[in-house]
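Visitor: I am new to this structure. Please put it on screen, and then I will ask my questions.

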Amino acid sequence: MTLATRYLGLTLPSPVVASASPLTGNVRHLRALEAAGAGAVVLPSLFASELAAADKREETLRAAGACNSPEVSSYFPVLPPDSQGEDRYLDLIRRARAALAIPVIASLHASDLEHWTQHARQCEEAGASALELNIHFVATDLTLSGAEIEQRHVDTVRAVRARTTLPLAVKVSPYFTAPGHFLLRLVDAGADGLVLFNRYQQPDIDVVRLQMTNAFELSHARELRVPLQWIALLHGRVSASLAASTGVHSVNDVIKFLLAGADVVMTAAVLLQHGSAGMHPLVSGLKDWLRHRGMDSLLPLRGLLSRDRAHTSADFIRANNLQTLQGYQPGAHALHNPIDAS
Ligand SMILES: Cc1cc2nc3c(=O)[nH]c(=O)nc-3n(C[C@H](O)[C@H](O)[C@H](O)COP(=O)(O)O)c2cc1C
């Protein structure tokens with residue numbers, strides 16, 4: 001039995017990958033994840049723009065201090081630009097590579113092309129096996145059109161592609177008008193893999209205190225359906241690797257994504273809830289499932305239920321929608337619906 005899979009042109013011993021999160025920022029946890037069967041690890045993102053902002057703050061403080069009392073500037077250690085956070089990150093890449101046999105994927109978030117490309121290069125030099133671009137962008141500027149936002153993503157991928165030879169994955173949100181078309185553009189621009197999808201924390205409102213809140217919540221397993229649909233639609237139609245992210249909470253979720261056609265399945269939620277020990281049941285459960293069905297690799301399973309095997313995309317979506325709506329049992333949700341209950 002082998003769980004070996006290919007992702008971004010790399011060979012992984014298993015398709016279950018630790019998604020970027022605080023847990024993957026610690027080499028002890030990374031070792032435990034590898035021992036528990038992870039096929040690769042994605043380090044937490046280097047937030048390049050935040051480093052730049054921190055540098056600016058420090059520069060301002062130094063300048064202010066130097067004006068008021070010159071000795072204040074000596075309180076600050078002399079550091080080259082961006083050095084603290086960035087050095088720590090590059091050091092994490094080096095230590096992780098030295099400690100692990102599985103691929104170590106560095107992750108990067110930046111807000112301008114200069115930072116994207118500069119840091120991508122540094123991650124490569126530090127020895128990362130691959131790079132994941134975490135393009136986290138919420139269009140709060142209402143004058144920006146969808147076309148402009150898509151173009152920014154494409155320009156970012158193209159610019160990074162030109163500056164690094166590392167295998168490149170791109171992690172984006174699902175909030176695009178035509179995700180399939182947009183994702184194909186990212187692949188044309190040089191993405192070797194697509195991570196579907198990033199998950200944004202959304203604000204809530206506290207009706208007692210009358211204020212916005214940032215209540216943090218892990219994903220729920222039902223959130224898996226949006227990436228599941230897009231992986232099923234893209235499998236076999238895009239040259240890039242497909243990574244599933246969001247909503248993986250059990251081995252069944254891993255299997256669903258593989259059936260839809262994912263090359264790898266990522267989880268952060270399980271690991272943040274259970275620590276690195278959360279990895280083992282996903283990998284051993286997948287082995288058990290395959291063994292039970294007489295399969296000795298992922299080959300017969302992958303993409304079995306993708307759009308590829310279901311005529312056209314339109315049929316695939318229509319069939320899903322029709323079956324769901326026509327199969328609805330009146331009253332099935334009555335207890336949960338305050339209107340029906342009254
Ligand atoms: C606390 C926390 C920190 C995260 N940090 C990062 C990060 O640094 N970079 C990134 O690309 N994604 C980050 N993510 C997103 C996860 O990698 C993942 O895509 C998302 O949580 C959905 O997967 P899940 O359902 O397994 O949690 C973070 C998620 C959480 C919950």
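Visitor: In which strand does I205 lie?
Guide: This is a predicted model: local features need pLDDT of at least 70, side-chain atom pairs count only at pLDDT 80 or more, and totals for chains, interfaces and linings use all residues. Numbering runs from 1 along each chain as its sequence is written, and side-chain values use heavy atoms, leaving out hydrogens and water. Helices (H or I, at least four residues) and strands (E, at least two) are DSSP runs, numbered from the N terminus. The strand of I205 spans residues 204-206 and is β9.

Visitor: Is I205 buried or exposed?
Guide: Buried means under 20% relative accessible area, exposed means over 50%, and partly exposed is in between (1.4 Å probe, protein chains only). The relative accessible area of I205 is 53%, so I205 is exposed.

Visitor: How much accessible area does the nonpolar patch with I205 have?
Guide: Patches take residues with over 30% relative accessible area and no salt bridge; like charges are joined within 9 Å, nonpolar side chains (Val, Leu, Ile, Met, Phe, Trp, Tyr) within 5 Å. A salt bridge is a side-chain nitrogen of Lys or Arg within 4 Å of a carboxyl oxygen of Asp or Glu. Areas come from the Shrake-Rupley method with a 1.4 Å probe, and for residues only the protein chains shown count as cover. On the surface, I205, V207, V208 and M212 together have about 470 Å².

Visitor: Is L210 buried or exposed?
Guide: L210 is found in the loop between β9 and β10 (211-213). Its phi is positive, near 55°, in a residue other than glycine. L210 has 72% relative accessibility, so it counts as exposed.

Visitor: And L8, buried or exposed?
Guide: L8 lies in the loop between β1 (5-7) and β2 (10-12). L8 is not a glycine, yet it has a positive phi of about 55°. Its relative accessible area is 6%, so L8 is buried.

Visitor: Which side chain makes a polar contact of 2.7 Å with that of N198?
Guide: N198 also sits in the loop between β8 (193-196) and β9, and it is buried, at 12% relative accessible area. Contact means heavy atoms within 4.5 Å; N198 touches N134, H136, K171, V172, S173, P174 and T246, leaving aside residues up to four places away in sequence. A polar contact is a pair of N or O atoms within 3.5 Å; within protein, one must be able to donate a hydrogen and the other to accept it, and residues adjacent in sequence count only if both atoms are side-chain atoms. The partner at 2.7 Å is N134.

Visitor: How far is the backbone oxygen of F197 from a polar atom of the side chain of T246?
Guide: T246 lies in the loop between β11 and α8. T246 is buried, with 13% relative accessible area. Its contacts include F197, N198 and F257. From the F197 backbone oxygen to the T246 side-chain polar atom is 3.1 Å.

Visitor: How many residues of helix α8 are buried?
Guide: The buried ones are D253, V254, I255, F257, L258, L259 and A260. They pack against β3 (16-18), α7 (225-234), β11 (241-244), β12 (264-267) and α10 (279-292). α8 (residues 251-260) is largely enclosed by the rest of the structure, because its buried residues, out of 10, number seven.

Visitor: Which residue follows α8?
Guide: Its phi is positive, near 120°. The residue is G261.

Visitor: How much of the ligand's accessible area does the protein cover?
Guide: A residue is near a molecule if one of its heavy atoms lies within 4 Å of it; 20 residues surround the ligand, and the closest are A20, S45, S219, G247 and A268. A side-chain N or O atom of S45 is 2.6 Å from a ligand nitrogen. A polar side-chain atom of S245 lies 2.9 Å from a ligand oxygen, and a backbone N or O atom of A269 lies 3.1 Å from an oxygen of the ligand. Of the 600 Å² that the ligand has on its own, the protein covers 87%.

Visitor: What share of the protein chain counts as buried?
Guide: The chain has 12 helices and 12 strands. It exposes about 17700 Å², with 55% supplied by carbon and sulfur atoms. Of its 342 residues, the buried share is 46%.
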